[in-house]
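Visitor: Please bring up the model, and we can go through some of its sheets and one of its interfaces.

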Amino acid sequence: MLPSLRALAPLLLCAALAAGCRAREDTRSADRLVLRYQPLGPDPAPFRALVAAFERESGVEVEVQALPNAADLAHQLLVTSLGAGGQDVDVFVLDVVWVAELARAGWLADLSDAFPPARVREEFLAGPAGAVVQGGRTFAVPWYVDVGLLYYRKDLVPEPPRTYAALAAAIRAARAEAPGIAGFLWQGRQYEGLSCNFFEALWGHGGAALDGDRLRLDTPAAREALGHLRRLVADGLSPRSVVTAAEEDARRAFQEGRAVFMRNWPYAWPLLQDPASKVRGKVGVAPLPGADGPAPGALGGWQLAVSSRAPAARRAAAIRLVAHLTSPDANAVLAIAYGRNPARHASYEDPRIRAEAPFIAALLPRVEAARARPVTPYYMLAADALQGELSAAVSGLRSPAEALARAQAQADAIAGVER
Amino acid sequence: MSARGERRLGAALVAPAGAALALVALGPLLATAWLSLRHRVPVLGEDRFVGLANYGALAHDARFLGALANTAYFTALAVALELVLALPLALALHHAGRGRGGIRAAVLVPWILPTVVAAKLWALLLQPDLGLLARIWPDGAGAVLTRPRLALHAAIFVDVWKTTPFVALLLLAGLQAIPEDLARAARVDGASALRVFRSITLPLLRPAILLALLFRSLDAFRVFDVVFVLTEGGPGHTTEPLSLYAYRTLLRAGSFGLGAAISLVTFLCVVAIGLAWLSALGERRPAEAP
Amino acid sequence: MSVAGVRLELESLAKSYGGVPALRGVSLSVGDGKLVAVVGPSGCGKSTLLSLVAGLDAPDAGVIRIDGRVVNDLSPRERDVAMVFQSYALYPHMTVRRNLAFPLDVAGVPRREIAARVEEVAALLGLAPLLDRRPAALSGGQRQRVALGRALVRRPKVFLLDEPLSNLDAALRLGVRAELKKLHERLGATFVYVTHDQAEAMTLADRIAVLRDGALEQVGTPREIYGAPATAFVARFVGTPPVNLVAPEVLGLPEGPIDVALRPEDLRVSREAGAAGLAARVWLVEPMGSETWVTVERAGARLVARCEAAFDAPPGAPVRLGFDPRRLQRFERETGRRVVPDRPG
Amino acid sequence: MSPRTAWTIALPYLAFFLLPLGWLALTSFWPDAELARPLPSHLTLENHAAALAGGGLARAVLNSLLVSGATAALALALAAPAAFAIARLGVRGGRALLAAALAVSMFPPIATAAPLYAALRAARLLDTLPGLVLPYTSFSVPLALWLVTGTFRALPLELYRAARVDGCTPLGAFRRVLLPLAAPGVATAGLLVFVFAWNELLYAVTFLTSPSRRTVPVALALFGGEFRDPFVVLAAASMLATVPVVAIAVLFQRRVVAGLTAGAVKG
């Protein structure tokens, strides 16, 4: 008697599990939206308040689902659920380099009526506006932006360098003062951050990587740019460790006062000013250097898009949610509570932001100059091959010329087969 | 119940497990096999039958061949080290007497720790600037991740740290099945402790060892998390295993057909390894009494 | 306590494993309350026979009848047989009490009756002080008795014993053997007793079945088996020391297509010079206390004789051999079959 | 080997396994801003507080315990009878099934994620805990099957036969005699399956979307921001999440091993 009950226990447990969890229905009504985004910061309250305000105004319930912070995983989740033709998500975030790809796949609703391309170009920064408007139609709305910056030690460097040569000279000068200090920290690990660093160097050498839809990687400027990155390591201007470094590796070392320069995103700023930071009050921010003068920083950040799979009624509600979350007021919440740079020009004049997030307000020139990585549907397809070759060159496995030739061949193979 | 009834009962008992496997594991496997014969990039709206073209492309793909070599090297070295390290540990656990529960709990923790955390812990310890090891040996072990030809060994090391307890537990289960009288008899026969181990324990432990080798080599061949957290396959793909290549092809590049082909090749390698171990296992298992 | 014995009949039983025959057409009838010993060298099919009777394996052909009822398609639980295994197969996770109670428990016997019957069996076998121990804490003899008790407690129609004494040391074995014999006499149940030890079979059995390579060589009372073995194999299998089986010329008889067998007690060895008989030389002398075994060499063959205790001779000493030709048994050399004296051959 | 020798051998292992864990524990008390320093200026409980904030981690631990427990129970419920049948009932093609099970389960999880996603959605099991238990179970049945089959084979055949002659049906012999004796092996298999389910991230992150259904690895993966990698919080969270599992594992092991002294099986 008892033993047979025991044998049933697993089944009962499963039944209990099933009873405790309702199956998700594909046919949600129009007054229930699903929003997928990556957590903005440790404290979810300000964002929740923002969403709650929308729920009150519109009478639409919003279910918030978190995407993992690993961009690859987030991309996978979207491709898995959208590619399967599912309706389980209505509004979701997109990296700048995903918009073209997912728009071409037909998974993004056309938002041109609510956000006419002309108005998007006018109200939003040029970089993100260029990424979300594809073929004269709007497929996403910029939410917040990021940009590559040069952090430098004000106590060791009198003037931020505007050229690579000046950067090298400044490092040598600072080392005379502080022996053993590392020079320039950046992100050389085999991942998307390395691509950002590479494109910044490419633009700094006056190059470009796009020819129509086609990626152009094997160019003289690209070879110079990659050679420059490799030389930073080989000549000791950057420590060998940059070939495995991501943002946090660089930020932590810089925060401990171990380096003169660092390339990083704006998120590092408040952390460097932490009371426990060794460089608090000693850090300045400047445009990245170039061969002949400052170079644009790479554009990062996220856009909000609406699933084309959502039925019309829900799509309309979803578009209203996007409008709410990208409004100037929402820009202010994100800037003040989470330190995210607004995607709207006007927000940088917002008195609330100027008062409570002066660092963000001061970044206007940087975000205006920010440039997107190549906007092409093939970028994500080729990014993987590109990262591996860039990493191989930076770590000295191959010459820059050879690495770029290989990357070009792989990118062509992908795009060529696709067409 | 007649013998035929027993066989029928046996089939009935095996059926649920078989069905579970077929439904949830075999189905996706076949789906993937079919996919590997197609050229399919959902984001580009491409989906057509291409036969074996994906496999043909892999045969000339330097990155694929590199990943295959990385994976094989990782598997061989990690599994060998784990076995060599786990055997004494299993013996110690078996003979520890008082307090063995404590040791068992302690050595199991690395294995229970989520792989992501274990890998991040070691990523922190191995971080080339600030990691603990970098501070102790600035240009030695501490900088291992920056060296293309050494970085893979860091991943192997972390895998060994995390998985040796698993192997030890498998071997412990094997040790517990060996009658103690055998070792006692051999001791009485004048064999030294080492001799008992070599002539009694080791041969009887052979099935457990082969089982551990089987499971670990199959699992190690699919290594993913450790490498992903430590190096993401860099520098320059020198630490990239097949599963990571498949992952990137599927999820980042969204090339499902090619990704499926890589997965399937990985799978076939795993099957080959499995069959090799199985035949080794089979030779050693005496014919079952009827 | 006693159990009603029943008749067990086997008809043309055959069984093979993976194409290798283990039993070929064995027919055997065991009377109610009798103890039949199945003997033979290891691998002869003894254990297979027990498995088939117990219902642990199904025969390829043939019929098994218990108490007149065909049981081929019945499961072990429906056959009402009990079995004592060579390794005793005590359940290590149960106490002696639960081991003994197990068959009754499985059969759904009421709790109080189980307790009573366990007590009864424990008293019978002297297990009472051990009831709350686990098998690991018992000596070999104690385990053996628990195994026996577990069989007894069911009061089955047929007892199957698979080499029940082979794991006991020699001294204990004789004692338990005697106990078993008394137990069988008292119970009056039908026993099938498998052993490779002919002495056990001779002392215990009402009838002995000699198996060789899966076929019966002979079935008979111990006296028939010893005195009139049907084959050379049977002759050699029973008796200690073993029978002398030699070519006839060794014993000074005319050559022929036969071997002759002579029991050691029928061979006389004489040291007296000039005595009549065949000349031989002493090879080995083994004093056994009450008698002495003497091995002699003659014509390249060795023969054993049981002599009086006082016999002694150094190796190589010349002796004379004598025997009564009527005690000789003849077997065809080709088939091993007994040559019946009144038939020519 | 004497207990003393055993301890001498075990000690270096303990150091090898535990020192990094000690470092992890220390890290969980480390102020985030000072992570790059050789030693922290002070210790803090902020990370643990951050890990527990919102109750997400506690919920995740509960979910993980449910999912892993159900997976282990279900996998054993499927594997143990099958293992018994293969080991003792002479199922035709038992070996082939073992091999096939192994092969199928060794398919790279990443390749099966998409088809499984579609299947689970069709079954309306997406974003439910049973929807996770199902694939976990089928991927851990082979390991359980192998280990338990081995354990059953190691038990003397005569015990099974004795139980049959004593009146048990095949299933009765399995339940009353073989299963209790195989308990250590079954427990080991259960523990291995439990930990596999406990650790799994890819399926969990793909098939579960609601915050209230996250498992521990998913919850851990969601700490931090786009660039921020608050390892100290992750360390605190993993310490908090790991303690109950270690406790369960130890209790589980000890309970099963107790009372079954080695050598008793041979009788």
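Visitor: Which residue in S5(C) stands opposite Ile66(C)?
Guide: This is a predicted model, in which local features need pLDDT of at least 70, side-chain atom pairs count only at pLDDT 80 or more, and totals for chains, interfaces and linings use all residues. Residues are numbered from 1 along each chain as its sequence is written, chains are lettered from A and ligands numbered from 1 in the order in which they are written, and side-chain values use heavy atoms, with hydrogens and water left out. Strand S4 (residues 61–66) of chain C runs antiparallel to S5(C), and 2 bridges join them; strands are DSSP runs of E of at least two residues, helices runs of H or I of at least four, numbered from the N terminus, and two strands pair if DSSP finds at least two bridges between them. The residue opposite Ile66(C) is Arg69(C).

Visitor: Which are the edge strands of the open sheet of 4 strands in chain C?
Guide: The pairing is antiparallel and the order is S2-S1-S4-S5. Pairing on one side only marks the edge strands, strand S2 (20–30) and strand S5 (69–70) of chain C.

Visitor: Why is one side of S6 and of S10 of chain C left without a neighbour in the sheet?
Guide: These strands belong to an open sheet of 6 strands with mixed pairing and the order S6-S7-S8-S3-S9-S10. Strand S6 (81–84) and strand S10 (215–220) stand at its edges, so each has a single partner strand.

Visitor: Which residue in S8(C) is opposite Asp162(C)?
Guide: Strand S7 (residues 158–162) and strand S8 (residues 190–195) of chain C run parallel, joined by 5 bridges. Opposite Asp162(C) stands Val194(C).

Visitor: At about what angle to S8(C) does helix H6 of chain C run?
Guide: Helix H6 (residues 170–187) packs on the sheet, touching strand S3 (35–39), S7 and S8 of chain C; contact means heavy atoms within 4.5 Å. Angles run from 0 to 180 degrees between N-to-C directions, with axes fitted to C-alpha atoms, for helices over the stretch in contact. For H6 and S8(C) the angle is about 160°.

Visitor: How many salt bridges cross the interface of chain B and chain D?
Guide: The contact takes 87 residues from chain B and 90 residues from chain D. Together they bury about 7,700 Å², 79% of it on carbon and sulfur atoms, buried area being the accessible area (1.4 Å probe) that two parts lose on being put together, summed over both. With a salt bridge defined as a side-chain nitrogen of Lys or Arg within 4 Å of a carboxyl oxygen of Asp or Glu, the count is 0.
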